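Subject: Structure for your review

Dear colleague,

Please find below the structure that I am handing over to you. My notes on its features follow directly after it.

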Amino acid sequence: MKCKHALYPIIMSAVALFCFIVVFAVFSGAVQPLWGRIMLLILPSLLLGAVALCAAKGKLGVAATIILTTVLTIVLFLASVFYVFELSLRTATTVTTDIAYYVRAYAKIDDMDGVKEVFPKAIPADADDVSFTYHPQFLQGSEVFKLSYTTTDEKLKEWTTLLESRAEWVGSNQAWLTAHNWGSNDDTGAIRYQLDWDGGYNHGEMCYVLINEETGRITFYYSDW
C-alpha cells in the first residue's frame, strides 16, 4: 500500500463494523426491533472508512490521519456506548401493537403456565378485527400480552371445548371480577376461562381467555408482574 498510514483508519473502521454487527445481532432479537435507530450505529464505521479512503488517496497526510482517526475513534466510541444504552431502554419499553410481530411476542411467553398449547402460535387465518398488544417486562414493570379478534361460531365452539378442559375456573367474567374485587373490565359479558393465577393482586402471573358469543370475540390475556 502506497499510503501505509491508511491502515490505521481501515483497521478502526473494521473494528467499528464488527461492533455494529454484534449490536445488530443482539437488538434484532427483540420483539419489535427499532431498525432505523439500530442502523445509525453503522455511522462510526462509515466515517472511519471515509478517513481511510481519503488517506489512501493521499488527501490526508500521516499526522492528520492519525490525529483524525484517534479523535473520531474516541468520540464515536463514547457516543456509541451512550447511544446503545439509550437504545436498550427504548427497545425494552417499546409497546408492540403491530400484528407482524405477534409470533416474536408469543415466543417470549409460550412456555408460561396457561399459555403453552392454548394460545395460538400465530394469528389464525380466520381472525377478523384483530387487536394485539405486547408490553415487555422492564425492571419492576409488568409484561402484558393480549390478543383479541372475532371469528366464526364454529371456531368459538372449538375453542370452548379446548378451554373447558384446560381452565382452572370457568364462569362469567363479571362474576370473577366481582368475587375478587378486581374492578372493571372491557368485556364483562364474556365467559372467562381462567387458565392460571397465582392469587397475587399487585404482583404475579395471570392467564385467561374470554369468549363473548354475542360479539363472536375471543380474547387471550397473559400478564406477569
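With a relative accessible area of 4%, Tyr 134 is buried. This value, like every other one in this message, was computed from a predicted model. Tyr 134 belongs to strand β1. Leaving aside neighbours within four places in sequence, Tyr 134 is in contact with Val 31, Thr 94, Val 95, Thr 96, Ala 105, Lys 108, Ile 109, Glu 143, Val 144 and Phe 145. The C-alpha atom of Tyr 134 is separated by 22 Å from that of Leu 163, a residue 29 places away along the chain.

Aromatic residues

Tyr 134 is also part of one aromatic cluster, together with Tyr 102, Tyr 106, Phe 119, Phe 132, Phe 145, Tyr 149, Trp 159 and Phe 220. In total, the structure holds 13 aromatic pairs. One of them is formed by Phe 119 and Phe 145, whose ring centres are 6.0 Å apart and whose planes stand at 40 degrees, a tilted arrangement. This pair links distant parts of the chain, since Phe 119 sits in the loop between α5 and β1 while Phe 145 sits in strand β2, 26 residues apart. Phe 119 and Phe 145 are both buried.

A second pair is made by Tyr 208 and Tyr 221: the ring centres are 4.9 Å apart and the planes meet at 20 degrees, so this pair is stacked. Because Tyr 208 lies in strand β5 and Tyr 221 in strand β6, the pair ties together parts that are 13 residues apart in sequence. Tyr 208 is buried, its relative accessible area being 7%. Tyr 221 has a relative accessibility of 18% and counts as buried as well, because the limit for that class is under 20%.

Nonpolar cores

Which residues touch the most other members of the largest nonpolar core? They are Phe 119, Phe 145 and Val 209, in a core of 27 residues. Two or more residues of this core come from each of α5 (102–109), β1 (128–135), β2 (143–150), α6 (153–166), β4 (191–197), β5 (205–212) and β6 (217–224). The largest share, four residues, is given by α5.

Phe 119 touches, beyond residues up to four places away in sequence, Tyr 106, Ile 109, Gly 114, Phe 145, Leu 195, Cys 207, Tyr 208, Val 209, Phe 220, Tyr 221 and Tyr 222. Another core, of nine residues, lies apart from the largest one and includes Trp 197, Met 206, Leu 210 and Tyr 221. As general background, nonpolar side chains in soluble globular proteins tend to be buried together.

Helix packing

Helix α4 (residues 62–92) packs with helix α3 (residues 43–56) at an angle of about 175 degrees, and the two axes are 10 Å apart. The helices α3 and α4 are therefore roughly antiparallel, as angles over 145 degrees count as such. On the α3 side, Pro 44, Leu 47, Leu 48, Val 51 and Ala 55 take part, and they meet Thr 65, Leu 68, Thr 69, Leu 72, Thr 73, Leu 76 and Ser 80 in α4. The contact of α3 with α4 comprises eight nonpolar residues, four polar ones and no charged ones.

How are α1 and α4 oriented to each other, roughly parallel or roughly antiparallel? Helix α1 (residues 7–27) packs with α4 at an angle of about 5 degrees, with the axes 11 Å apart. The helices α1 and α4 are therefore roughly parallel to each other. Here Tyr 8, Pro 9, Met 12, Val 23 and Phe 27 in α1 meet Thr 65, Ile 66, Thr 69, Thr 70, Thr 73, Val 84, Leu 87, Ser 88 and Thr 91 in α4. By class, the contact of α1 with α4 has eight nonpolar and six polar residues, and no charged ones.

Thr 65 is buried, with a relative accessible area of 0%. Apart from neighbours within four places in sequence, Thr 65 is in contact with His 5, Pro 9, Ala 55 and Leu 60.

Leu 53, in helix α3, counts as partly exposed at 47% relative accessibility.

With kind regards

Terms used: Residues are numbered from 1 along each chain as its sequence is written. This is a predicted model: local features need pLDDT of at least 70, side-chain atom pairs count only at pLDDT 80 or more; totals for chains, interfaces and linings use all residues. Side-chain values use heavy atoms; hydrogens and water are left out. A nonpolar core is a set of buried Ala, Val, Leu, Ile, Met, Phe, Trp, Tyr and Cys residues joined through side-chain atoms within 4.5 Å. Buried means under 20% relative accessible area, exposed over 50%, partly exposed in between (1.4 Å probe, protein chains only). Contact means heavy atoms within 4.5 Å. Axes are lines fitted to C-alpha atoms, for helices over the stretch in contact, and angles run from 0 to 180 degrees between N-to-C directions. Angles under 35 degrees count as roughly parallel, over 145 as roughly antiparallel, 65 to 115 as roughly perpendicular and the rest as oblique. Ala, Val, Leu, Ile, Met, Phe, Trp, Tyr, Cys and Pro count as nonpolar, Asp, Glu, Lys and Arg as charged, and the others, Gly among them, as polar. Rings of Phe, Tyr and Trp (its six-membered ring) pair if their centres lie within 6.5 Å; planes under 30 degrees apart count as stacked, over 60 as edge-to-face and the rest as tilted.
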